Structures are given as C-alpha cells and as structure tokens.
Amino acid sequence: MSRPKLGEQKAPTQWPSEASAIIKNNHDEDVQVGKCRRAAYFRLLLDSFEFYKEKYSFYEPLVKQLRLQYIEADPYLKWIWRSGNMYEDILTDLSKASGVYIADQVAIYIPGYNVSGKIDLVTINPENSKFRALEIKSVYGYNANSVLGTPSERKKGNLGTPRDSHLMQIGIYDWWYAAKNEDFEQSLLIYGARDTGRYAEYVVSTERQGDEDFIAYKGNSPNVTAKTITKISIQNILSQYKYIQDCLDSGEVPARDFEAVYSDERIDQLYERGELTATDTKQYEKRRDQIAAGKSRVVKKVEKGDWQCRYCNYRDLCYDQDNNPNQL
C-alpha cells in the first residue's frame, strides 16, 4: 500500500473531493463545510512547486517545511481507502453483470477554475434509456447511521443525511457534466455499509435560485424521501477554488478553517446551545457544579475539536505538540 506511484507528474489541478463552501448555520453564523482550504492549498502547493518550479520558487522554504512535517497516512487509513475502492469495484462489476454499465472513472475538467475529477460510474436506466452519474461511498460502524439512517428511521420510511463533502463532489459532477447533457438524468450518491450490507441511495441535482445553483438531494432507495435543498451552491464552491488559487499565486497562506481544540468559550457556547453530546453535557455540568461548590478536585474539562484537524496530513504544520497554533 505504501509503494510509490510511478510516472510523471501531471499538471496540478484542484479536486472535487476537496470542495468547500461557506454557509450560514442555524445561528446565522458563517461556517465552513467540506475540505479545509488551508489543507487543499498545501496539497496544491506541493504539486505546483514540482510542476512550476520557476514560477513558485519563492515557496521553497515553506515546501521544505511541508515535506519535513507531512504526516503520512497510517496503515489503518490506507486499508479504509482500499476497502472503499473495493466497494466501488463491486458495484461496477454488478452494473456490468446486470447490463446497465456504461463507463467508469469518467474524467471531467472545469476550465477557469482548474478543477478535475473522475465520475466513479455511469450507468443506464433501462426504464428510460437515460444515463446517470454515480458517486459511490462506503461506510461502516456506528457512524454509518448518519448517512444511512438508523434502523428506526428506515422503518419509518426515512433515511439519513448525506455528508456535505460527498454532496459537493457529486453536485459538481451533476452540474458541470450530467445536467448539460440531454442523455443524462439526475445523478446518484450511493452509500454502502461494508459491515452490515445496508445501503442508501440519494438522487442529487442542482436547483436554480436567483443567480446560484444549489445542491439538492432526496432519498431514492430503499426509501423515497422528500427533496431537501441545501445551503450549498455551486457558485459558492467555485469561489473557494478561486480563493485557494489566488492564495497560491500571491503567497498568502489561507487561515485555518477548523480547530484542533476548542477554546473554553467555544465549549461554553456549545453547552448553552445544547450541542454537546449527552456524555459531554453530563461531564460539563458535573465540573461546573464541583467548581461552584468550591471542591479542590474536579473532573477534567470537556475537550473537543474538529475531526478534520485530527486526520489532517498537515496538522503538525498548523499546531505544536500541545495543540497551540503555529504561526506561518
């Protein structure tokens, strides 16, 4: 799994899998969804420095630092990625066996934003002879319920909620490729659980509202659900790609979009909004009450952070060993 890939470096591009957007949360605050733009910037910088060494020669000190502090994915994560590829292969083989296979790994490129990607699978609908672009994701364990729906939710005819990053990826494909081709109908986002065999299939499209195309989804199988129009627009996503490229060309390092460890003030806010888990809420209240009672020994404070930082290859560049932010 660690064997290097051979061949020459292709021209660097940005990826649909690194899509991001800035939307309003339920408290009317701007929040980032999808990939951290700083992480996407670092990945693009390393590729661009190799391909355009003269143009980006001023980045040499930062590139050396990136290479030195880059965190390689551990074997566990590599197995997870391979398992995801295997699930994709299974569905591709099944589509061939059932006679609906058209193509796989279909390349797309969005000029003007230098974004390239590959559609996992294209199939044909036997009922209307229309093609469909498919994005395939595998999940497992307890967290799979968030996208598949819990057993209770599924019995009631509901499903889960697709992840923002996955919606953006297939949303880009649908908007740029499928929606412009009369031979295609709306795209599909498919989740499959590697451990239980459960799956969830969502129809994904873009809905024009004013000057923007918003990503929408609805459950298609095993339950049909109502359409949900998200707050994520294609134009918002594209503006983030432009921001990253502008930062690369100017030498500006983007700010962090996520936090490795939340401040005490952030934890207080999460508690007041009822956004801590039941376990964290109990711990928070116990500590608060112990401090109020003047006890010398109290339970440790609730510690939370964004998972994006925990699994980031560039975490050691952003934070020191005590999770204090580094200055770049």
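Predicted model: local features only at pLDDT ≥ 70, side-chain atom pairs only at ≥ 80, totals over all residues.

Let us start with Arg-43. Its partner in a salt bridge is Glu-18, and the closest N and O atoms of the two are 2.9 Å apart. Where do these residues lie? Arg-43 belongs to helix H1, residues 37–51, whereas Glu-18 sits in the segment before strand S1, residues 20–24. The pair therefore ties together parts that are 25 residues apart in sequence. Are the two residues buried or exposed? Both Arg-43 and Glu-18 are buried.

The second example is the salt bridge between Glu-60 and Lys-64, where the closest N and O atoms are 3.7 Å apart. Here the two partners lie in helix H2, residues 60–69. They are four residues apart, so about one helical turn separates them. Glu-60 has a relative accessible area of 38%, which makes it partly exposed. Lys-64, with a relative accessible area of 52%, is exposed, because the limit for that class is over 50%.

Arg-132 is part of strand S5, residues 130–139. Glu-185 is in the loop between helix H6, residues 164–178, and strand S6, residues 187–193. This pair thus ties together parts that are 53 residues apart in sequence. Arg-132 has a relative accessibility of 16% and counts as buried. Glu-185 is buried as well, with a relative accessible area of 17%.

Before leaving this topic, I return to the first pair. Through salt bridges that share partners, Glu-18, Arg-43 and Asp-47 are joined into one network.

I now turn to the second largest pocket, which holds about 260 Å³ of space. Its lining consists of 15 residues, and those nearest its centre are Ser-95, Val-100, Thr-123, Ile-124 and Leu-134. Which elements give two or more residues to this lining? They are helix H3, residues 75–97, strand S4, residues 115–125, and strands S5 and S6. The largest share, four residues, comes from S4. By residue class, the lining of this pocket divides into nine nonpolar, four polar and two charged residues.

Thank you for your attention.

Technical notes: Residues numbered from 1 in each chain as written. Heavy atoms only, no water. Salt bridge = Lys/Arg side-chain N within 4 Å of Asp/Glu carboxyl O. Buried < 20%, exposed > 50% of the residue type's maximum accessible area, 1.4 Å probe, protein only. 1 Å grid on protein atoms, 1.4 Å probe; cavity = no way out; pocket = protein on both sides within 12 Å on 5 of 7 lines; lining within 4 Å. Points joined across faces, edges and corners; volume = space filled by probe spheres on them. Nonpolar A, V, L, I, M, F, W, Y, C, P; charged D, E, K, R; others polar.
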